[in-house]
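Hello,

The structure we talked about follows here. My notes come after it.

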Amino acid sequence: MSGPSVLFIGGSGIISAACVREAVEQGFDVTVLNRGETDKRPIPEAVTRLQADVSDRTALEGAIGDRRWDVVVDFVAFTPDQVQRDVEIFTGRTRQYVFISSASAYQTPATHLPITESTPLKNPFWQYSRDKIACEDLLTKAYREDDFPMTIIRPSHTYDETLVPFSGGWTVLGRMRAGKPVVVCGDGSSLWTITHARDFAVGFVGLLDRAEAIGEAFHITGDEAPTWDRIAHELAAAAGVEDLEIVHVPSDAIDALDADWGASLLGDKANTSVFDNTKVQTLVPEFAQTTSIRQGAREIVAWFDADPSRQVTDERLDGLMDQLVERWRVR
């Protein structure tokens with residue numbers, strides 16, 4: 001007898017790939033629907049593959065045909081029109097629809113810590129977060145008025161071995177190894193919750209096919225909240241860099257130079273974020289943080305070192321970092 005059926009729309013991203021693997025390990029009958037264009041994170045053999053460009057509604061409906069699933073998870077819905085499409089397509093075809101929102105939807109900056117699921121949703125700095133809030137509003141209305149069986153999940157900063165947790169990715173590690181200063185927002189002392197994808201996946205899969213999760217929102221985050229300076233030092237140590245130089249730059253100064261980078265700081269990473277995970281742990285007591293940022297940093301460096309072709313410097317961002325260092329470095 002097979003386990004509950006689940007459709008993952010997406011499935012090759014940092015969070016979704018880990019959740020696909022965990023769902024297979026837990027005995028779910030897993031189907032993945034995406035464009036099939038990346039093998040960066042291999043999908044397990046046991047998974048059923050469907051291929052379509054999700055942005056093409058006709059192609060999406062053609063790929064899923066008349067199939068039904070116990071659970072449908074959309075990892076690539078970011079705007080209300082995309083969520084509305086899902087509501088229309090999957091009404092009556094699933095017992096649980098799971099939307100991936102974002103912890104950056106919470107009030108920014110928070111007026112009190114730790115952040116709980118009852119913290120208000122309000123982010124005046126980042127359009128990405130406002131779009132996620134609008135998606136949540138649409139789903140809440142669909143649940144209240146039409147009994148649409150939704151669950152909302154809010155990840156915070158979630159990473160795996162392929163993701164350096166600083167803007168610029170490898171660029172930052174490359175600067176460290178070249179002896180160049182790295183830019184850290186603010187004074188580097190704000191606390192930042194960072195969660196490994198394989199830990200997130202345990203909490204996430206534990207909420208699938210759960211009647212108690214319908215109509216509810218959960219964040220799923222680690223319990224470790226290092227400072228940004230410590231995250232930088234852990235990466236440097238893993239990269240074999242002993243004399244790391246950090247240059248602290250105000251987030252609004254970064255925003256003035258690069259609006260996208262600035263929005264991701266002012267609307268998210270520059271603010272101390274510490275979360276209370278009681279709600280998810282009540283339903284999924286096995287959820288816990290097992291991977292520290294120290295271990296995660298080692299895995300990141302090992303992944304980049306395993307294939308030099310992964311070590312791609314973002315020349316534009318590298319140049320911006322040089323400008324910021326020149327302006328803000330303490331002589």
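Two strands count as paired if DSSP finds at least two bridges between them. Helices (H or I, at least four residues) and strands (E, at least two) are DSSP runs, numbered from the N terminus. This is a predicted model: local features need pLDDT of at least 70, side-chain atom pairs count only at pLDDT 80 or more, and totals for chains, interfaces and linings use all residues. Residues are numbered from 1 along each chain as its sequence is written, and side-chain values use heavy atoms, with hydrogens and water left out.

First, strand S2.

S2 runs parallel to strand S3 (residues 48-51), and 4 bridges join them. Asparagine 34 faces glutamine 51 of S3. S2 also runs parallel to strand S1 (residues 5-9), with 5 bridges. Phenylalanine 8 has valine 32 in S2 as its bridge partner. S2 spans residues 29-34; 5 of its 6 residues are buried, so the strand is largely enclosed by the rest of the structure. Buried means under 20% relative accessible area (1.4 Å probe, protein chains only).

Next, aspartate 258.

Aspartate 258 sits in the loop between helix H8 (251-257) and helix H9 (259-269). Aspartate 258 is buried, at 8% relative accessible area. A polar atom of its side chain lies 2.8 Å from the backbone nitrogen of tryptophan 261. For the backbone nitrogen of aspartate 260, the distance to a polar atom of the aspartate 258 side chain is 3.2 Å. Beyond its neighbours within four places in sequence, aspartate 258 is in contact (heavy atoms within 4.5 Å) with Arg316, Leu317 and Leu320.

Best wishes

Methods. Buried means under 20% relative accessible area, exposed over 50%, partly exposed in between (1.4 Å probe, protein chains only). A polar contact is a pair of N or O atoms within 3.5 Å; within protein, one must be able to donate a hydrogen and the other to accept it, and residues adjacent in sequence count only if both atoms are side-chain atoms.
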